[in-house]
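Here are my notes for you, written as a colleague would jot them down. Have the viewer open while you read, and click through the residues as we get to them.

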Amino acid sequence: MGSVEWKRPQEIVPENEEPRMYRDSMNPGDIKQGILGDCWFLGSLLIQSTNPELLNNLIVYDGIQYGFAVFQFFKNGKWQYVIVDTRIPYNTQSKTPLYGHCADITEFWVPLMEKAYAKLHSNYEKLNGGQMNEALVDLTGGVSEKFHLRAPETAESIEGGQFWKDLKKYHQQGFLLGCANTVKDENGNLEDGMGNSGILWNHAFGI
């Protein structure tokens, strides 16, 4: 992991650049995961970035130049404001933020939003493992539905082709869709690996 320091955006960007929440827009290619196992949250952000209006709703105030930012999340049945300062953990060896970050080093919407979500849950460690369907509710204020592909009722729908038709319908209607291939060992612990399909086990993906 190397040496870790807490740095503000102004200390991270090149000397001739100004830090910003985002440059032109927020899109799926912006999001990079760090060493924290919060792909379920970052994957949910990735999906939501396909709908800029929903994602912009989370940014209440962009005060990067003043050293703070305000976000909102839908938690326990209501929208809650979360204020954070702009210091983020920085890996001095790899020259990148330690946790989630943007592909463009001058953009900071990913690490700051991740920090605010961690503060909402007490600390970063609480984000180490979770469910996309729960994160999507927190990010949108909507409701979510989860399908287990091996469940008898879902397997029957898949076999008959109805599940694929439903997915296409949900996509056309603008629903936010994600998936994960959960694989556990005999003791119930999540395993690392990749199946024949090339899909990483226990990793969140956007559809």
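This is a predicted model: local features need pLDDT of at least 70, side-chain atom pairs count only at pLDDT 80 or more; totals for chains, interfaces and linings use all residues.

1. Let's start inside. The largest nonpolar core has 40 residues, and M21, L45, F71, F73, W109 and M113 are the ones touching the most other members. The top contributor is helix 4, which gives 7 residues.

2. Now pick out W109. Which residues does W109 touch, not counting residues up to four places away in sequence? The list is M21, Y22, M26, N27, D30, I31, L45, L55 and C102.

3. Next, have a look at S49. You'll find S49 in the loop between helix 2 and helix 3 (52-56). Is S49 buried or exposed? S49 has a relative accessible area of 4%, so it is buried, as that is under the 20% cut-off. Neighbours within four places in sequence aside, S49 is in contact with M26, N27, P28 and L55. If you go back to W109, you'll see that M26, N27 and L55 are on its list too.

4. T86 is another loop residue, placed between strand 5 and strand 6. Its relative accessibility is 0%, so T86 counts as buried. What does the side chain of T86 make a polar contact with? The partner is the side chain of R8, at 3.0 Å. Leaving out residues up to four places away in sequence, T86 touches K7, R8, P9, I64, G67, F68 and L112.

5. The largest pocket holds about 1600 Å³. Its lining is made of 44 residues, and K146, F147, G178, C179 and A180 are the closest to the pocket's centre. Two or more lining residues come from each of helix 2, helix 5, helix 7 (162-172), strand 9 (178-180) and strand 10 (204-206). Helix 5 gives the most to this lining, with 5 residues.

6. One last thing about that pocket: what kinds of residues line it? The lining splits into 23 nonpolar, 16 polar and 5 charged residues.

Conventions:
Residues are numbered from 1 along each chain as its sequence is written. Side-chain values use heavy atoms; hydrogens and water are left out. A nonpolar core is a set of buried Ala, Val, Leu, Ile, Met, Phe, Trp, Tyr and Cys residues joined through side-chain atoms within 4.5 Å. Buried means under 20% relative accessible area, exposed over 50%, partly exposed in between (1.4 Å probe, protein chains only). Helices (H or I, at least four residues) and strands (E, at least two) are DSSP runs, numbered from the N terminus. Contact means heavy atoms within 4.5 Å. On a 1 Å grid over the protein atoms alone, a cavity is a set of points where a 1.4 Å probe fits but cannot get out, and a pocket is an open set with protein on both sides within 12 Å along at least five of seven lines; lining residues have an atom within 4 Å of a point. Grid points are joined across faces, edges and corners, and a volume is the space filled by probe spheres set on the points. Ala, Val, Leu, Ile, Met, Phe, Trp, Tyr, Cys and Pro count as nonpolar, Asp, Glu, Lys and Arg as charged, and the others, Gly among them, as polar. A polar contact is a pair of N or O atoms within 3.5 Å; within protein, one must be able to donate a hydrogen and the other to accept it, and residues adjacent in sequence count only if both atoms are side-chain atoms.
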